[in-house]
Protein chains: 2
Amino acid sequence: MRIGELATKAGVSVRALRYYEEQGLLRSVRSTSGQRHYAEEAVDRVQLIQHLYAAGLASRTIAELLPCVDAKVSTPESRARLSAERERIDRQITELIQTRDRLDAIIELTERPDVTGCLVKASGAA
Amino acid sequence: MRIGELATKAGVSVRALRYYEEQGLLRSVRSTSGQRHYAEEAVDRVQLIQHLYAAGLASRTIAELLPCVDAKVSTPESRARLSAERERIDRQITELIQTRDRLDAIIELTERPDVTGCLVKASGAA
DNA sequence: CTTGCCTCTGACGTCAACGTCAGGTTCTAG
DNA sequence: CTAGAACCTGACGTTGACGTCAGAGGCAAG
C-alpha cells in the first residue's frame, strides 16, 4: 500500500509517517518513481510507535528499542534499556492512578449535593 | 516562604513557579518590594499542578479546573470538565498498561535464553 | 491527452513549558 | 556598610512532533 492508505489505516497523518521514516522508526520500499510502499504489518508497527510516543518515549529512544524488537536480538544494553523504559512506564502508571484518585476526591467534594452551604457561604461547614 | 524555598520544597524551578503564576495556576502575596511570598499549602498545590501536567493536561485546562477545586464549588460545566479529564486519564492508564504489557512481551522474547538460535541464525525457529 | 488526486522533497511555522541571559533591586550575614 | 545570594521584570532561545505551504512529478479514469 502507499502512504495515504497506511496513514488512514493507522490513524495518523501522512506527514507523521514521513517523519517516522526520517527518524529511523519506519522503513518503506520505494517504487522506481520514488513513492513509498508498505506491507500490511506496517499498520501494527505505526500503532506501536504511537503507543510508545504516548508513553512518553522520544523518537531517539524508540529508534534504539525497535531494532531489538525486529531482530528479537538483545544485547545487555538493549535489555537494560527495555526494562528501564518498562519501569518508567510503570511508575508513570502509578502516578497517573494517584492523580486520577485525587481527581476523584475533588469530584466527590464538588459534587456532593448534601453540603449545599459551601456553595454560598463557604464557611467552616464540616 | 519565598520563591526559592518553594521551588526547592516542591522540586521545581523558580522559573516554573513564575510561569505557573503567569498562567493563573498559582497565586502569591507580594511584599512591598515586590517579592513573592507563599504559604505552606503552596507546596501541595504545585505538586498537584505537576501531576496534572504529567497526566497530559495543558495549562489552560488546569486553570479551568483549579478554581472549582479551590472554591469546592461546581457548575455543571466544571463538573463535566472534571469528569471528562478523569475519563481521559483513565483511558490513558489503560493504554499505558497495554503498552507496558507489550513491552513485557518484547522483553520476554528478547530475553529468552533458550532460543539461542535466533541470535545468530534468526531462522524459523518456533 | 487531460483532469484531478496522490505523492515527492525541501523548508519554514507552531505550540507548550519552561531555560537562560541581561540589567537592575533587595535581603542578609559579617 | 558591603559583598554576595536571592529576587525582580522582560524577552529571546530551545525542543520535539509534527502542520503547512511551495513547486514539481506520478497515476488511474474518461
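Trainee: What rotation superposes chain A on chain B?

Mentor: Start with the general idea. Two copies of a chain are related by a rotation about an axis and a shift along it. Now this case, which is a predicted model. A rotation of 180 degrees superposes chain A on chain B, with an RMSD of 0.1 Å. The shift along the axis is 0.0 Å. The two copies are therefore related as by a two-fold rotation axis.

Trainee: Which C-alpha of chain A is nearest the axis?

Mentor: Look at A:Ile93. Its C-alpha lies 3.0 Å from the axis, the nearest in chain A. The two copies also use the same surface. Of the contact residues of chain A, 100% recur in chain B.

Trainee: Which residues line the largest cavity?

Mentor: Chain A gives A:Leu103 and A:Ile106. Chain B gives B:Leu48, B:Leu52, B:Leu65, B:Leu66 and B:Val69. By class, the lining has 7 nonpolar residues, no polar ones and no charged ones.

Trainee: Which elements give two or more residues to that lining?

Mentor: In chain A, find helix 5 (76-111). In chain B, find helix 3 (41-54) and helix 4 (59-71). Helix 4 of chain B gives the largest share, 3 residues.

Note on methods: Residues numbered from 1 in each chain as written. Chains lettered and ligands numbered in written order. Predicted model: local features only at pLDDT ≥ 70, side-chain atom pairs only at ≥ 80, totals over all residues. Heavy atoms only, no water. Least-squares fit on C-alpha atoms with pLDDT ≥ 70 in both. Contact = heavy atoms within 4.5 Å. 1 Å grid on protein atoms, 1.4 Å probe; cavity = no way out; pocket = protein on both sides within 12 Å on 5 of 7 lines; lining within 4 Å. Helix = DSSP H or I, 4+ residues; strand = E, 2+ residues; numbered from the N terminus. Nonpolar A, V, L, I, M, F, W, Y, C, P; charged D, E, K, R; others polar.
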